[in-house]
Amino acid sequence: MSRTVLTHTYKSIPICEKEIFRYLGYKTVPDYAKSLLYECLSEIENHLSYKVCYLELPIKIKDNVCDFELFCVSSKDLANNLKNCKKAVLFAATIGMEIDRYIAKYGKISPTKALMFEALGSERIESLCDKFCQDIKHNSGVNLKPRFSPGYGDLPLDIQQNIFSVLDCNRKIGLTLNGSLIMSPSKSVTAFTGISENDTGADFSKCSLCNKTNCEFRGNV
Amino acid sequence: MNFSDFLRNNLVILDGGLGTLLQAKGLKPGEFPELWNITNPQIVTSIHKDYFDAGSNVVCTNTFGANSLKFSDEELEKIIKSAIDNANKAKNTSSSNKDKFIALDIGPTGRLLKPFGDLDFEEAVNIFAKTIKIGAEYGVDLIIIETMNDSYETKAALLAAKENCNLPVIVSNAYGSDGKLMTGASPALMVAMLEGMGADAIGANCSLGPKQLKTVAEELLENASVPVVIKPNAGLPKSINNKTVYDISAEEFAKEMLEIADMGARVLGGCCGTTPEFISNLAKKTKNSVLSEITKKDRTVVTSYTKTVDFNNIPVLIGERINPTGKKRFKKALIENDIDYILSEGVAQQEKGVHILDVNVGLPEINETDLLKSAVTELQAVSDLPLQIDTSSIPAMETALRYYNGKPMINSVNGKEENMAQIFPLVKKYGGVVVALTLDENGIPDSAEQRVKIAEKIINTAKKYGIDKKDIVFDTLAMTISAEKTSALTTISALAKIKNELGCHTSLGISNVSFGLPQRDAINGTFFALALQSGLSAAIINPYSADIMKTYYSFKALSALDDNCKDYIENADSFITAVQNQQTAVANQPREFSSELQKAIIKGFKEKSAELTKELLKTSNPLDIVNGDIISALDVVGIGFENKTVYLPQLLMSAEAAKCAFEEIKSFMADGKTKPSDDYFVIATVKGDIHDIGKNIVKLLLQNYGFNVVDLGKDVPPEIIVRKVAELKAPLCGLSALMTTTVPAMEKTLELLKKETPWCKTVVGGAVLTEEYAEKIGADKYAKDAMETVRYAKEIIKNNK
């Protein structure tokens, strides 16, 4: 098994406007919101980078402990997600630093635009992860389980430390982890995605695992 | 021979990859390679020895991640000592008869610095300092700072090296495929910044192969006056049949590297994927290379963390508005520590087209060192323009220079011996382009010749400190013509002489020339034109002055500095008058409005709200406007938001419009006739958390409703929050936390607040919180959104009264 962390940079990722407006809470989207989105997009477009680093890991699951050979983690929900998988892809993805600068800048001078950049950035990183997983699936002809990140269900955030040292995220894609296990750049994701030989495994909903019961979006996904 | 001498006269061959080789010997991903210095010294030593045998002049110790974030002090000392021992053993047993040196290897901390990360700049300096001190103590020949992908962290490491040892320092950054660092700096920018701070060689390593690094090498060579270092990967890694393969061979690598040597790079090596075989090929291939000469590049350049301004290109505009002189509203902002006001002045000037922002926050009644530091660091979070640090306080200047990310402009030094003795050491240590005023102990000379004499003296003194004249920009001091009719001519004549005879750049504060005259802009504009025609390189100006901007763009067009008159045409509209630039937001439900201002706020028209408020202030009482129009408009939108007929973006647009209206009211009341509200609301994102959008939204709405919001920012320790609440006797404190990992910090803050400031009501919010959770950690109130916070705050204040 290859033990070198590989990296991939995408030139662009298609935009899902609907998702951006969903983050903003719109049920119907007025014109001014659309023009604000286009304004923000044109400002940031050339300043986004789409980087992923990843590594394939073997898995052994026993009593809710997932053993990835390089590190173990105890999580019922992850074990459940990776059930029947012998391997998983561990990846870290980021859309880069610039979006944080725009959010900070507009946070001071126009919170409306800051909010738009927040939503835009969240959509960008989610779309990047989706695209990356699609490509893995497409290129290797395997089935992938839905990606699973630290903080989902009972998967502790502490696992970020293992992920960061295994993937060498800083060197590979410029991603850092702070003392409270928060990633910078902020629009970044780390996740496991199980490689499944016999089932498509799309049998879990993110919402059912989430502890935030007062969330406006609960159940809508 | 010491390394500095060797570097001066030789092509230097560094070593190749270490991590890849350790992995081949069994190091697992995620395992600390630095520990192998102790656990597997013979493996580490043999890799070093292989590199020396292959022809490396320099071997880097296995200390890339050896820092106090990862290891205890005791471990750290042991690791570094063993690492140096291993390298020394390799050096002493190598069969190579070349000159051999050992470099203490310093890699990034893996943490991002503030403001976008949580690591304080000074903390980063301390982390690097610890490693460097130990390395220097156990004996190495040089320091190599490598694979840095952030300019700010690079600065911290170089500063730590300069402050803690006298060894030569090589600095090498990791550029992405776009030719920039992760945080945005170009090779030219890094050269400006690192040369300014005294790096002995500057370069690039990792992330790319030699082919892809060529453009980076080219840009480094074009700008650097010190040796250039290139240490690429063995191409890019690919996974073939589950094996990692780099896409170029040792031979190809050497061939590409020879080309890079021929381009002028003088320090060569390999990074990830390269092996002793690569280095052996490289050493053989470049054995007969003729050493390229390093030419001195006389570029006067200042930078931010991502933008460079080159004085040789076009005349540079320096925005003068961040300065309290003669500005009541600005003074008020400084006294109230209202950083946001300073930031908005910065952003507005950038939009007007200035290239550099002058930052002066000096007032007798404030702590200038603290405020200048906040102004500089916070401006760098919202604007990518280089800054001109403008202060007469030496401690304030040093602190600002230290925390600045890039190569700043420094305002100023003058011909007085005492002043030069204070300023030049700072310029030398931190780098920068310094503005030099042509005055000395005897004041400002009347004649141009004497001002030039002072300039000569300044150049000669600077030289003694090792500061080149390219890093000095002379200000020949514009004085009012209302007092002395020849003063403008003298100033211009002096600047022309300095430009032509001394070959230096010049800068002027334009507006002094018209002091005491009516319609000052007319004089200023013409004076600016005359100065530009005489070779002026930069000017400190008011970008809101149509005459100044008109002159600037016309001059550029007339002097063939504006292709197709593009800039002139683009800016021509702004010469006439401030054009109303309406936002096209429309509220999505028709409604009757009680006033024009109310309507403008509900619809989110910023400029119009400001304008209408200004108009109303002529006839109405400010408080009536606030209560009658502004608050009523906010209530309409706020109720709509709570009923879900108005969405968050629209709520914010109205809040921004209301803020513009308030700004007019504040300017009107800046005379101090009215006492500011004492309804203090202290707000912060708790320690460890760096998310602040939610907090900013709450702050904006609270300000709208007349609360005196003290925003402590993000990642704020409990003690700071409690201290502020106590100091202000604040009745309310709002805390935000977004992550489960930072809720404990919120709990701790609440605990401390209850203990030290029991009168203060606490309200909390953030993604991971719920009503029950908030109650459990001891908050008085959980607010699900900004409007709920406003309602709660109003209630508390009402009850208190």
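Which residue of β22(B) is the bridge partner of B:Phe681? In this predicted model, the bridge partner of B:Phe681 is B:Val709, and this pair belongs to a set of four bridges that join strand β21 (residues 680-685) of chain B to β22(B), the two strands running parallel. Both strands are part of an open sheet of five strands in chain B, which follow one another in the order β22-β21-β23-β24-β25 with parallel pairing. At the edges of this sheet stand β22 (708-711) and β25 (781-782) of chain B, each of which has a single partner strand, so that one side of each is left without a neighbour in the sheet. Strands of a sheet pair through backbone hydrogen bonds, either parallel or antiparallel.

Two helices of chain B are packed on this five-stranded sheet. Helix α26(B) touches β21, β22, β23 (732-736) and β24 (761-765) of chain B, and its direction makes about 170° with that of β21(B). Helix α30(B), in turn, lies across β21, β23, β24 and β25 of chain B and runs at about 175° to β24(B). These helices also pack against each other, for the axes of α26(B) and α30 (residues 786-800) of chain B are 9 Å apart and form an angle of about 45°; the two helices are therefore oblique to each other, and their crossing is right-handed. The contact brings B:Ile697, B:Val698, B:Leu701 and B:Leu702 of α26(B) together with B:Ala786, B:Met787, B:Thr789, B:Val790 and B:Ala793 of α30(B). Divided by class, the residues of this contact comprise eight nonpolar, one polar and no charged.

A further open sheet in chain B has eight strands, arranged in the order β1-β10-β7-β6-β5-β4-β3-β2 with parallel pairing. Here β1 (12-13) and β2 (58-60) of chain B stand at the edges with a single partner strand each, and so one side of each has no neighbour in the sheet. Within this sheet, strand β3 (residues 101-106) of chain B and strand β4 (residues 142-148) of chain B run parallel and are joined by four bridges, and B:Ala103 has B:Leu142 in β4(B) as its bridge partner. Helix α8 (residues 187-196) of chain B packs on the sheet, where it touches β5 (169-173) and β6 (201-205) of chain B, its direction making about 145° with that of β6(B). Helix α9 (residues 210-223) of chain B likewise packs on the sheet and touches β6 and β7 (228-231) of chain B, with a direction at about 165° to that of β6(B).

Elsewhere in chain B, helix α14 (residues 368-382) and helix α15 (residues 394-403) pack at an angle of about 25°, with their axes 8 Å apart, and are therefore roughly parallel to each other. The residues of this contact divide into six nonpolar, three polar and two charged.

Between the chains, 55 residues of chain B are in contact with 50 residues of chain A. On the side of chain B that touches chain A, at least two residues are supplied by each of several elements, among them α14 and α26 of chain B, while the largest share, five residues, comes from α25(B). By class, this side has 26 nonpolar, 21 polar and eight charged residues. Chain A itself comprises eight helices and 10 strands; its radius of gyration is 18 Å, close to the 17 Å that the globule rule gives for 221 residues, so chain A is as compact as a globular protein of that length.

Technical notes
Residues numbered from 1 in each chain as written. Chains lettered and ligands numbered in written order. Predicted model: local features only at pLDDT ≥ 70, side-chain atom pairs only at ≥ 80, totals over all residues. Axes fitted to C-alpha atoms, helices over the stretch in contact; angles between N-to-C directions. Parallel < 35°, antiparallel > 145°, perpendicular 65-115°, else oblique. Nonpolar A, V, L, I, M, F, W, Y, C, P; charged D, E, K, R; others polar. Pairing = 2+ DSSP bridges. Contact = placed C-beta atoms within 7 Å. Rg over C-alpha atoms; globule rule 2.2 N^0.38 Å. Left-handed = near helix turned anticlockwise from the far one by under 90°.
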